[in-house]
Amino acid sequence: MGWARALKAPMTRPAIPAVVLCGVLACGTLASCEYSYDDGSAPVSSAPSAVITEPALPRDPSLNRTVTGDALKSWAQDVLPDVNGLSFYSSFSLLSAGESRDEETTQLPGGTYAVTLACRGARSADFTVRNGSDVLVEVMLGCGTTQVKVLQLEKDAVLGLTITANSPADYAYRVSRI
């Protein structure tokens, strides 16, 4: 057997192609370069981002004025729609500027309830719902709007409601079983 001797070739680095070198120098790194090609089709344009906002419904200007009598009763029925016999208590009235009114519901059995609150007038009304000394709901409601709050009563209770207005306001509320 013969011996074969390996030739020692000088070690040199392979040449970096100019295209890659220019890509690295121009873009900083290859990761930040964008690849593009022309296949003859029209460029794809991206649609502008949709701007999502809360809907702003115009307020009925007649809700700035308080009403009395049948008009008050009609408004209360409109903002507190019938809930097919599940209503346990409802009330509505007119408050003068700076007036506060305390009311109580009938005895409510334990369970889940929706308390619908509404006011009508130039400003707002404050609603506070209590179970004994515990405050369950405290809301400053802008007039011309309605809010529904959900309450969980562990046992039978009589709820106390305090409604206060800084300017004349009609108010209405309903306590319904869910």
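## The open sheet

Four strands form an open sheet in the order β2-β7-β4-β5, and their pairing is antiparallel. Two strands stand at the edges: β2 (100-104) and β5 (134-142). Each has a single partner strand, so one side of each is left without a neighbour in the sheet. From one strand to the next, the twist averages 15°. This model is predicted.

Strands of a sheet pair through backbone hydrogen bonds, either parallel or antiparallel. Take one pair here. β2 and β7 (residues 159-165) run in the antiparallel sense and are joined over 5 bridges. Within this pairing, glutamate 103 stands opposite leucine 161 of β7.

## The whole protein

The sheet belongs to a protein with 2 helices and 8 strands. Along the sequence, the pattern reads α-α-β-β-β-β-β-β-β-β.

The protein has 178 residues, and 28% of them are buried. Its accessible surface comes to about 12,900 Å². Carbon and sulfur atoms account for 56% of that surface. Now consider contacts between residues at least 6 apart in sequence. Of these, 75% join residues at least 24 apart.

## Threonine 116: a buried residue

Threonine 116 sits in strand β3 (residues 111-121). Its relative accessible area is 14%, so threonine 116 counts as buried, the cut-off being under 20%.

What does threonine 116 touch, not counting residues up to four places away in sequence? The list is Val79, Leu80, Thr146, Gln147, Val148, Ala172, Tyr173 and Arg174.

## Threonine 66: a loop residue

Threonine 66 lies in the loop between α1 (18-27) and α2 (69-79). Is threonine 66 buried, partly exposed or exposed? It is partly exposed, with a relative accessible area of 30%. That value falls between the cut-offs of 20% and 50%.

Threonine 66 and alanine 122 are 56 residues apart in sequence. In space, their C-alpha atoms are 8.2 Å apart. Leaving aside neighbours within four places in sequence, threonine 66 is in contact with Leu94, Arg120, Gly121, Pro168, Ala169 and Asp170.

Isoleucine 178 comes in the segment after β8 (169-177). Its relative accessible area is 59%, so isoleucine 178 counts as exposed, the cut-off being over 50%.

Isoleucine 178 also belongs to a nonpolar surface patch with Val148 and Val150. Together, the three residues have about 310 Å² of accessible area.

Key: Residues are numbered from 1 along each chain as its sequence is written. This is a predicted model: local features need pLDDT of at least 70, side-chain atom pairs count only at pLDDT 80 or more; totals for chains, interfaces and linings use all residues. Side-chain values use heavy atoms; hydrogens and water are left out. Patches are made of residues with over 30% relative accessible area and no salt bridge: like charges are joined within 9 Å, nonpolar side chains (Val, Leu, Ile, Met, Phe, Trp, Tyr) within 5 Å. Accessible areas come from the Shrake-Rupley method with a 1.4 Å probe; for residues, only the protein chains shown count as cover. A salt bridge is a side-chain nitrogen of Lys or Arg within 4 Å of a carboxyl oxygen of Asp or Glu. Buried means under 20% relative accessible area, exposed over 50%, partly exposed in between (1.4 Å probe, protein chains only). Two strands pair if DSSP finds at least two bridges between them. Axes are lines fitted to C-alpha atoms, for helices over the stretch in contact, and angles run from 0 to 180 degrees between N-to-C directions. Contact means heavy atoms within 4.5 Å.
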